[in-house]
Structures are given as C-alpha cells and as structure tokens.
Amino acid sequence: MVMPRWVARANRVTVNPIARHLAPRAPGMGVIVHRGSRSGREYRTPVFAIATADGYVFALAYGSRVDWLRNLRAAGGAELRARGRTVHLSDPRILGPERGRDLPWVARLLFTLIGVREYLETTAVR
C-alpha cells in the first residue's frame, strides 16, 4: 500500500525540514536536489537511497506520482547528496516490487513494513 497523500503533505511540513539536514549523513538515506520543471526553483527532498554497483535505488514510499520524481524525470536526472558526497544521477527507471528483492535485508524489511511497491533505479554519472 502506498502511503496516503495526507501523510506526504504532513511530512513535507514537519519531518522534511529536519530530515534535509540529517539524511545526507544517515545510512540508507540522502537528499535529492532537483529543479521544478515549471518554476525552475531548486528543491531538496529527503529520500531512502541504497547504493548499487552503478548507481542508486530509491524506495518510492509515496508511489511514482510524487513531485520530486516528476522533476527528476523531466530533467533526465538530478543530484543526490548522500554520505558526504554529491553524485549526479541519470537514466531514471521505475521498477516494481521485484527490485526490492535484491536489496540488503534491513532495507527489504523496512520497505516491506511501510508498504513500498515501486522503486526508482538510476545510474550514477562519474
């Protein structure tokens, strides 16, 4: 089950301002830096981010219809700030629940508990 939209709106106002400061250093998390596709304004969105051999996988806890993902797809990529580094991301691909099977067991458990059914896979531009 995708989390309800009201939870996303509540988190945007309460949790995200704090998480923006903690997520770039927290294991399994990061901050996506993206630009509004219409406004051009820069946004910073905390996300669950798992490093892979050639990029990152993101748990889409609110589904694939979130603003940050629309902006990332419209631009063809974005920046991720995670573990003290900035990584440029490209080639965004939305995948189903089968993608979660390859993740570390702790991430798999957490994402199953919160009902993640979609994942975003990206390539890190080096």
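Predicted model: local features only at pLDDT ≥ 70, side-chain atom pairs only at ≥ 80, totals over all residues.
Let me begin with W105, which is found in helix α4, residues 105-113, where helices (H or I, at least four residues) and strands (E, at least two) are DSSP runs numbered from the N terminus. Residues are numbered from 1 along each chain as its sequence is written, and side-chain values use heavy atoms, with hydrogens and water left out.

Is W105 buried or exposed? With a relative accessible area of 60%, W105 is exposed, given that buried means under 20%, exposed over 50% and partly exposed in between, with a 1.4 Å probe and protein chains only. Together with V106, L109 and L113, W105 makes a nonpolar surface patch of about 490 Å². Patches are made of residues with over 30% relative accessible area and no salt bridge, like charges being joined within 9 Å and nonpolar side chains (Val, Leu, Ile, Met, Phe, Trp, Tyr) within 5 Å. The areas themselves come from the Shrake-Rupley method with a 1.4 Å probe, and for residues only the protein chains shown count as cover.

Now the overall layout. The protein has four helices and six strands, and from the N terminus on its elements run α-α-β-β-β-α-β-β-α-β. Of its 126 residues, 39% count as buried, and the protein exposes about 7,500 Å², of which carbon and sulfur atoms supply 56%. Taking contact to mean heavy atoms within 4.5 Å, we find that, among contacts between residues at least 6 apart in sequence, 61% join residues at least 24 apart.

Let me turn to the strands, where two strands are said to pair if DSSP finds at least two bridges between them. Strand β1, residues 29-35, pairs with β2 in the antiparallel sense over seven bridges, and M29 has F48 of β2 as its bridge partner. The hairpin of β1 and β2 has six residues between the strands, and in this hairpin G40 takes a positive phi near 80°. β2 and β3 also run antiparallel, joined by three bridges, and they form a hairpin with three residues between them; here A51 stands opposite Y56 in β3.

What lies inside? A nonpolar core is a set of buried Ala, Val, Leu, Ile, Met, Phe, Trp, Tyr and Cys residues joined through side-chain atoms within 4.5 Å. The largest such core has 17 residues, and those with the most contacts inside it are I32, F58, W68 and L80. At least two residues of this core are supplied by each of β2 (42-51), β3 (55-59), α3 (67-75), β4 (77-82), β5 (85-95) and β6 (119-125). A second, separate core of nine residues includes V57, L103, A107 and V116. Returning to W68, and not counting residues up to four places away in sequence, we see that W68 touches I32, H34, T45, V47, F58, L60 and L120.

My last topic is charge. Side chains of opposite charge can pair when their charged atoms come close. The cut-off used here for a salt bridge is a side-chain nitrogen of Lys or Arg within 4 Å of a carboxyl oxygen of Asp or Glu, and a search of the whole structure finds eight of them. One of these joins the side chains of R35 and E42 at 3.8 Å, N to O, with E42 partly exposed at a relative accessible area of 34%.

Which residues are linked in a network of salt bridges? They are D91, R93, R99, D102 and E121. E121 is buried, with a relative accessible area of 15%, whereas R93 is partly exposed at 25%. R99 forms a salt bridge with D102, the closest N and O atoms being 3.7 Å apart; R99 is buried at 12%, while D102 is exposed at 62%.

To finish with R93, its C-alpha is 5.6 Å from that of L120, although the two are 27 residues apart in sequence. Not counting residues up to four places away, R93 touches Y119, L120, E121, T122 and T123.
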